[in-house]
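Subject: Structure handover

Hi,

Here is the structure I promised to pass on.

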Amino acid sequence: MKSIADLEKIREAALERVNLRSDRQGIRIVVGMATCGIAAGARPVMMSFLDEIKKRGIEHVVVTQTGCIGACQYEPIVEVYDGDEKTTYIEMTVDKAKRVVLEHIVNGNIVDGYTIGSYKK
Amino acid sequence: MATNILTVENFQKLAKVIEENKGRQGALMPILHEGQKIFGCLPIEVQKMISEELEIPLSEIYGVVTFYSQFSLEPKGEYVISVCLGTACYVKNAQPILDKISEVIEAKPGGNSPDGKFTLLATRCIGACGLAPVITINEDVYGRLVVDDIPKIMEKYL
Amino acid sequence: MELFRSHVLVCAGTGCTSSASLKIIEEFEKQLEENNLEKEVKIVQTGCFGLCEAGPVVIVYPEGAFYSHIKVEDVKRITEEHLLKGRVVTDLLYKDAVIENQVRDIDEVDFYKKQKRIALRNCGLINPEDIEEYIAFDGYKALAKVLTEMKPEEVIEIIKESKLRGRGGGGFPAGLKWEFAAKAEGDEKYVACNADEGDPGAFMDRSVLEGDPHVIVEAMTIAGYAIGANKGYVYIRAEYPIAVKRLQLAIDDAKRMGLLGEKIFNTGFDFDLEIRLGAGAFVCGEETALINSIEGKRGMPRPRPPFPANKGIWNKPTLLNNVETYANIPQIILNGPEWFKSIGTETSKGTKVFALGGKINNTGLVEIPMGTTLREVIYEIGGGIPGGKEFKAVQTGGPSGGCIPAEHIDTPIDYDNLIELGSMMGSGGMIVMDEDNCMVDIARFFLDFTVDESCGKCPPCRIGTKRMLEILDKITEGNGTMEDIDNLERLAKNIKAASLCGLGQTAPNPVLSTLQYFREEYEAHVLEHRCPAGACKALSNYYILETCKGCGICMKACPVEAISGERKQVHVIDLDVCIKCGECMAKCPFDAIVRR
């Protein structure tokens with residue numbers, strides 16, 4: 001440790017590791033991980049989100065899980081909370097997850113084709 | 001306990017501890033702590049060796065050993081039972097628990113049982129006030145006790 | 001860097017460790033492995049959350065689900081339900097955290113809502129054994145700022161400006177202490193930390209050391225820079241093995257990362273820390289006694305002046321502060337004195353940590369802004385008195401403090417108010433008492449403690465407290481006279497005036513304050529040979545009430561056959577035979593036996 005910059009570097013790296021516990025700001029990706037969700041393949045989806053976000057070094061995004069969202073036929077369901085806005089993605093897969101990260105999280109464009117709204121249409 | 005604690009090995013261990021700490025300022029307390037760990041207590045023979053090595057009068061060392069309640073001149077029992085008499089435990093009836101244990105193992109607070117197996121201590125707060133009243137037997141902690149729990153707990157150790 | 005979707009925080013403070021939290025961590029590790037969750041969920045062992053009553057405590061983030069009284073067997077369920085399937089196990093949640101099936105965030109539990117955490121800010125949040133987590137939450141930033149941007153005088157000015165007062169008991173302005181030590185002449189100076197927390201019922205310093213040890217390392221290094229010292233000592237009770245271990249680890253890690261040692265942050269400043277263990281002497285919490293103990297002597301106080309700021313350890317200028325005082329320092333440096341001053345009352349700034357215990361629903365550690373009333377602490381944070389009993393008094397300041405009665409429960413807590421009420425802040429024990437606690441007996445309890453712990457150097461304390469205890473024994477046994485009460489009061493005042501150190505000077509406080517507020521209880525013992533609370537054994541008897549069902553359980557329980565009565569008839573205790581062991585009352589299934 002030689003300077004404040006060194007300290008700041010460690011701080012940022014460590015903060016990323018623990019940000020779940022302090023940083024409630026930013027985007028939250030919630031993966032439905034009830035029994036039905038897991039059965040439908042939610043686990044690899046979530047791992048895919050984690051991987052992708054880590055790979056791209058995106059900050060202020062929290063990936064978390066939740067219980068049954070209540071629409072089992074659409075599982076795996078993923079909800080993205082960005083401020084007050086909530087987007088619900090359904091029938092997610094590992095590849096779809098990657099695309100959501102790229103388009104929605106990075107570029108801010110909702111991937112309309114995957115949302116629950118588009119399905120109903 | 002009848003086992004001899006004043007063994008050559010123990011004195012060798014002590015000599016090593018003294019050697020390591022000799023140069024430090026205020027080395028006496030750390031050495032006494034280590035000595036107590038090695039021998040289980042600090043009998044006069046141990047104090048003599050420390051006195052000679054550190055060139056501190058034996059009277060002074062004896063004064064320090066007897067001042068602090070954690071240092072003891074006699075060996076402790078196989079099981080050390082500490083009954084917390086901190087304020088939180090006291091207001092939640094720790095005293096009758098101490099009395100009961102004292103009755104069961106036939107030892108007065110601060111003393112050993114006749115067979116030397118148990119040492120009974122009344123200690124100050126151990127900081128587990130949420131569990132009050134609390135006793136510890138060596139490493140085991142028993143909390144939220146009532147007098148009736150005591151015989152059952154003691155059975156395990158008798 | 002690994003990312004985890006969930007963090008499981010398990011309290012590994014002493015309170016929870018004694019109720020097996022380490023086994024819980026082991027079990028979690030096992031369960032995660034079995035369920036292939038080790039890459040998604042991280043287990044973190046933290047310091048004390050403060051709610052020891054509910055221990056062992058486990059918190060799962062990001063939901064903030066607050067599980068209490070967790071047993072090893074529960075771990076499997078939490079893993080399978082919550083971590084695997086995402087369903088919070090509501091029946092294991094802390095009772096106050098569940099409202100209409102809505103899981104509330106831990107911050108919204110009543111116990112935490114009124115608190116403001118500065119000294120305890122990291123306790124229960126970070127892994128105390130991981131220096132990087134401390135750094136993540138702005139750790140060592142204050143040290144960096146001080147060393148690279150500020151002159152020592154500026155640091156002292158900030159501390160003075162913040163109006164921080166010593167949290168160890170007396171409440172002496174910390175900034176002034178720093179200034180005295182800085183101005184003292186000496187080739188070598190020392191910084192010392194008093195972690196010899198001896199008050200029965202107080203454990204906040206232990207929790208800081210266990211939950212956030214780096215804050216002490218950082219603050220002491222800052223203090224070293226401010227007063228011109230290169231060496232620090234932390235004096236810890238040997239009874240706190242977890243705290244000792246974690247602080248040692250913190251010191252080693254800080255050294256490894258260059259945050260302690262030579263040329264810290266590439267400046268010319270060197271600083272090193274060493275731990276010294278106490279050996280079970282309460283008086284060593286007194287500053288001059290502590291210094292003697294560090295030097296390897298009997299822990300007896302020295303007359304003051306000279307004060308430690310001029311002649312401390314090895315007769316060199318020494319700055320001595322308590323753990324909680326140090327824990328405030330980095331935050332004051334980072335947020336500025338104005339921020340700190342905005343919290344608290346006119347004369348007492350910032351927050352104070354209290355160890356809430358005794359007859360209260362939520363025992364644990366609470367940190368509140370100065371000026372919070374006793375009522376708020378006891379009823380809103382503490383959740384009131386269990387069993388529908390009536391609040392009688394709250395004892396603050398341990399053996400140096402006094403009992404504050406119900407009529408003063410709306411007093412805002414600060415240094416001066418408590419002293420005015422005949423008590424004191426002390427290190428922050430707060431023991432709540434209900435109608436079953438006898439005030440004379442409590443005074444006797446504290447005197448018993450002081451007599452035991454008096455070092456014997458000065459006669460007022462050595463002989464005086466012993467005489468006071470004898471009088472109190474006499475009164476609680478029903479043999480007291482009115483003259484005894486007067487003598488007790490006179491003795492108390494003389495001991496207060498004539499003792500050498502803080503221990504003796506404050507030892508009579510428990511007696512004086514109970515005499516002030518509960519004199520009628522003393523008089524009832526003397527004049528009516530009666531203990532109104534039914535706590536003094538010699539003065540109370542066991543009686544069977546009319547609600548007795550005549551089941552005969554008490555009769556069987558009685559070791560001296562003092563109970564008689566027909567089946568299904570109200571039983572009677574023969575008071576001449578009764579040895580007052582209390583077995584009958586403990587055994588009665590109908591609560592029909594009372595002591596009064």
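Let me begin with a charged pair: Glu81(C) and Arg87(C) form a salt bridge, with their closest N and O atoms 3.1 Å apart. A salt bridge here is a side-chain nitrogen of Lys or Arg within 4 Å of a carboxyl oxygen of Asp or Glu. Glu81(C) is partly exposed at 24% relative accessibility, and Arg87(C) is partly exposed as well, at 35%. For those words, buried means under 20% relative accessible area, exposed means over 50%, and partly exposed is in between (1.4 Å probe, protein chains only).

Some ground rules before the rest. This is a predicted model, in which local features need pLDDT of at least 70 and side-chain atom pairs count only at pLDDT 80 or more, while totals for chains, interfaces and linings use all residues. Residues are numbered from 1 along each chain as its sequence is written, chains are lettered from A and ligands numbered from 1 in the order in which they are written, and side-chain values use heavy atoms, with hydrogens and water left out.

More on salt bridges

Over all chains, a search of the whole structure finds 52 salt bridges. One of them joins the side chains of Asp91(C) and Arg77(C) at 2.7 Å, N to O. Asp91(C) sits in the loop between α3 (72–85) and β5 (98–99) of chain C and Arg77(C) in helix α3, so the pair ties together parts that are 14 residues apart in sequence. Helices (H or I, at least four residues) and strands (E, at least two) are DSSP runs, numbered from the N terminus. Asp91(C) is exposed, at 55% relative accessible area, whereas Arg77(C) is partly exposed at 35%.

In chain B, the side chains of Glu103(B) and Lys100(B) meet in a salt bridge of 3.8 Å, N to O. These two residues are 3 apart in helix α6 (residues 94–105) of chain B, and are therefore separated by about one helical turn. Glu103(B) is exposed, with a relative accessible area of 55%. There is also a network of salt bridges that links Glu8(A), Arg11(A), Asp138(C) and Lys141(C).

How the chains meet

Chains A and B share no contact, and their closest C-alpha atoms lie 26 Å apart.

Chain B

Chain B has 7 helices and 4 strands, which run α-α-α-α-β-α-α-β-β-β-α from the N terminus on. Its C-alpha trace spans about 50 × 30 × 25 Å along the principal axes. Of the 158 residues in chain B, 53% are buried. Among contacts in chain B with a separation of 6 or more, 60% come from residues 24 or more positions apart.

Helix α11 of chain C

How far apart are the end C-alpha atoms of α11 (residues 241–256) of chain C? They are 23 Å apart, which agrees with the 22 Å that its 16 residues should span at 1.5 Å a residue; the expected span is 1.5 Å times one less than the number of residues. Buried residues in α11(C) include Ala243(C), Val244(C), Leu247(C) and Ile251(C), along with Arg246(C) and Asp253(C). The cover over the buried residues of this helix includes β2 (41–46), α10 (213–227) and β9 (272–277) of chain C. After α11(C) comes Gly258(C), whose phi is positive, near 80 degrees.

Two buried threonines

Thr318(C) belongs to strand β10 (residues 318–322) of chain C and is buried, at 2% relative accessible area. A polar atom of its side chain lies 2.9 Å from the backbone oxygen of Lys316(C). Leaving aside neighbours within four places in sequence, Thr318(C) has contacts that include Tyr190(C), Pro308(C) and Ile313(C).

Thr372(C) lies in the loop between β12 (364–369) and α14 (374–381) of chain C and counts as buried at 8% relative accessibility. The backbone oxygen of Pro369(C) is 2.6 Å from a polar atom of the Thr372(C) side chain. Leaving aside neighbours within four places in sequence, Thr372(C) touches Val377(C), Thr411(C), Pro412(C) and Ile413(C).

Notes: Polar contact = N/O pair within 3.5 Å; in protein donor to acceptor, adjacent residues only side chain to side chain. Contact = heavy atoms within 4.5 Å.
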